[in-house]
Every structure is written in structure tokens, then in C-alpha cells.
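I have kept them to a few numbered points, so please read them with the structure open.

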Amino acid sequence: METILTIENLSKRYGRIQALKNVSFSIQKGHVYGILGPNGSGKSTTLGIVLNVINKTSGDYKWFDGKVKTHDALKKVGAIIERPNFYPYMTAEENLKLVCKIKSINYSKIDEKLSLVGLIQRKHSKFSTFSLGMKQRLAIASALLNDPEILILDEPTNGLDPQGIHQIRDIIKEIASEGTTILLASHLLDEVEKVCSHVVVLRKGEILYSGSVDAMSANESFFEVCSNDNAVLKTILINHPAVDRIGEEDGKLLVYLKSELTASELNQFLFSKNIVLSHLVKRKNSLESQFLELTQNTNPKTN
């Protein structure tokens, strides 16, 4: 599978602030990648560096397996990394014609892209009359005019109402279904879970996780257990070879595993220790739980 972008040990320092520290990951053609992390985690800095608008401190990146120089590679990239910036007194069509002139793109692409983002009926409306969601959709249409191989979006739904968020997400899915690779940065877990196939989790400029979204939520299961004496139950459980650690929540023990263990095996083990459970449920961590655990933990993990 073709590699669109490779990032190797990328670091960026602003004075005393380490915005990125040895960030490495690659993007394969045809997938939707999310860079997920709280504000200040280094998401926008990463995008700015690979788009050649921010200088890196160290490390490297290469587009299309290094076969194309960055200047030429960026002609195959569509990107929105700031608020949509069009002329307010010009119509949607006029603004896109201006973009076409600057990028030497045929005007025939305009209606196609306006239709894709649901704005074909408003092509003659002035930009100043657009809602924030419509402005963002016009920006996506603009970024798609050159039929890019990869579309880069920085916080694409930021500030939008629920309807606007839903529309942008549907458009991203539609673009992806047509084979365009997408890289988006977001602090919204829900956004990444609903539209991305792969995710890179950043915290304070460091990668905590890199892999598929499904693997992130499926790579850890745990038991929820309870007995008439949880203190004794905890003492016995912590000595089981399959148990990694034990937490507590709402009067129940959360038993996290380091190796496979069935509910039947756990129940049998505890019964042999004269422990009778009043509650036993095996659960899988939600993506939210995994994300919270990752961002509170200091150990990076890669899948």
C-alpha cells in the first residue's frame, strides 16, 4: 500500500516550550487518520510542519515515499488549517473561481465540489450570508478543487452547532468513500471515533498511541466484580497471575487483565478461595475510557 506521508522523530521547540517530541507515524493511502489530543498537545504544530508553514526543530518528514519534493508534493494536498477566509462580498462561485485562477484549475470543478458539500443551490449567494457551517463546507470545496490525494483538516467541526457537525462528518465520510486519504486533527473523541479508521493520540507533544481506532478500544478488557467483602476479594484477586491491576468504582472492583481470562475461570478460582461473587460482568473499555487512561498514563503504547 502506498505511503502518503511519513513522519520520523519530528520535534519542535518554541523557546523553552517543547511543542513536539520525537513524533513518528505514517499515513497509508485510502484511510482516514485522526490526530487526537487536548488543546496544546501538538496537533496543529504537526500539521503546520508537514504543510511547510512551520519550521521543524529536528526530525524529518517526507511525502509520497520521498519520491516528490515537498513543494511539488503539496500540489497534491488539500488543506484547511485556519478559519475559512473568503471575500465576503463575492458569491461562493466567484470565490472558488478566484481559487481556480490562483491554482490554475479548470472552472469545471466548481459545480462538482459545491454539489459534494451541499452548496450547489447557494452558488450565487454572497459569502457574507453563509452560516459558520456553510463557510466551513465552502472551505472544504475549495480544498478539493485540485482533486488532492490527501485532505488535511484542522479541527473541522470547531464552533459548529450539532447540525453543522453532522453535515461536516457526513461530507468527510463521502470524500473518504471516493478514495481520498484524510488526515484530521481534533480534540473531540467522538469525532475521531465516528469518522476515522486510524488514530494518533498526542499529549504534550508526545505520541501515546498509534494504531487503528478499533484496536484502541478493543485491546483491553476487564471484569466488574463484587462480593460481600470487597477488601478480601481484592487481596485474593491481586495475586492471580492474569490480573494486572484493580480499580474501584461505585462499590464494585474493576479487574484489569494482562493475559486472557474467562469469566468461568475467574469464578472458579474465587470459589476455590471460598469467595462467592454477587456480581460478575466482563466488559471492554470504551474508546473514551482508553483515551482517558492513555492521557493520564505516562507510558506510550503502539499497536
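**Notes on the model**

1. Helices (H or I, at least four residues) and strands (E, at least two) are DSSP runs, numbered from the N terminus. Please keep in mind that this is a predicted model, in which local features need pLDDT of at least 70 and side-chain atom pairs count only at pLDDT 80 or more, while totals for chains, interfaces and linings use all residues. Residues are numbered from 1 along each chain as its sequence is written, and side-chain values use heavy atoms, with hydrogens and water left out.

2. The helix α1 itself (residues 43-50) is mostly covered, with seven of its eight residues buried. Buried means under 20% relative accessible area, with exposed over 50% and partly exposed in between (1.4 Å probe, protein chains only). The buried residues in α1 are Lys43, Thr45, Thr46, Leu47, Gly48, Ile49 and Val50.

3. Next, the aromatic rings. Rings of Phe, Tyr and Trp (its six-membered ring) pair if their centres lie within 6.5 Å; planes under 30 degrees apart count as stacked, over 60 as edge-to-face and the rest as tilted. By this rule there are five aromatic pairs. One of them is edge-to-face because the rings of Phe86 and Phe127 have planes at 65°, with centres 5.2 Å apart. Phe86 lies in the loop between β5 (77-80) and α3 (92-103), and Phe127 in the loop between α4 (109-116) and α5 (132-144), so the pair ties together parts that are 41 residues apart in sequence.

4. Phe127 also pairs with Phe130, this time tilted, at 6.2 Å centre to centre and 55° between the planes.

5. Two charges are worth a look. A charge sits over a ring if NZ of Lys or CZ of Arg is within 6 Å of the ring centre and within 35 degrees of the ring normal. The charged end of Lys76 sits over the ring of Phe64, 4.9 Å from its centre, and that of Arg245 over the ring of Tyr256, 4.2 Å from its centre.
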